[in-house]
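This report describes a protein model, with attention to its charged contacts, its surface and its fold elements.

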Amino acid sequence: MTKASEPREIAQDTTDAAVLRRTRFGSLPERIRPEDTVETKPATVPDPARDTYNPDEWLIRYCG
């Protein structure tokens with residue numbers, strides 16, 4: 001047997017908390033584009049003296 005339920009009275013502090021929660025979390029933050037989340041820059045400053053390529057260096061280093 002079920003009893004007839006009486007309408008519940010909602011406490012004022014519960015509704016205030018719901019309003020505050022909806023105000024704070026009611027919408028999503030603005031979307032951030034993936035291009036705005038990545039920054040690219042060289043890890044070190046290029047050194048022209050070090051980065052020169054000599055195709056015969058391995059011959060001199062290992063066979064000479």
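Arg33, Glu35 and Asp36 are joined in a network of salt bridges, a salt bridge being a side-chain nitrogen of Lys or Arg within 4 Å of a carboxyl oxygen of Asp or Glu. The model is predicted: local features need pLDDT of at least 70, side-chain atom pairs count only at pLDDT 80 or more, and totals for chains, interfaces and linings use all residues. Residues are numbered from 1 along each chain as its sequence is written, and side-chain values use heavy atoms, with hydrogens and water left out.

By this rule there are 2 salt bridges, listed below.

| Salt bridge | N to O distance |
|---|---|
| Arg33 and Glu35 | 3.8 Å |
| Arg33 and Asp36 | 3.1 Å |

Arg33 counts as partly exposed because its relative accessibility is 44%, while Glu35 counts as exposed because its value is 56%. Here buried means under 20% relative accessible area, exposed over 50%, and partly exposed in between (1.4 Å probe, protein chains only). Buried residues make up 0% of the 64 residues in the protein.

The accessible surface of the protein is about 7500 Å² (Shrake-Rupley method, 1.4 Å probe), and 55% of this surface belongs to carbon and sulfur atoms. A nonpolar patch on the surface consists of Trp58, Leu59, Ile60 and Tyr62, which together have about 510 Å² of accessible area. Such patches take residues with over 30% relative accessible area and no salt bridge, nonpolar side chains being joined within 5 Å. Tyr62 counts as exposed because its relative accessibility is 66%, and Tyr62 lies in helix H2 (residues 57-63).

The secondary structure comprises 2 helices and 0 strands, assigned as DSSP runs (helices H or I, at least four residues; strands E, at least two) and numbered from the N terminus.

Definitions and conventions: Patches are made of residues with over 30% relative accessible area and no salt bridge: like charges are joined within 9 Å, nonpolar side chains (Val, Leu, Ile, Met, Phe, Trp, Tyr) within 5 Å.
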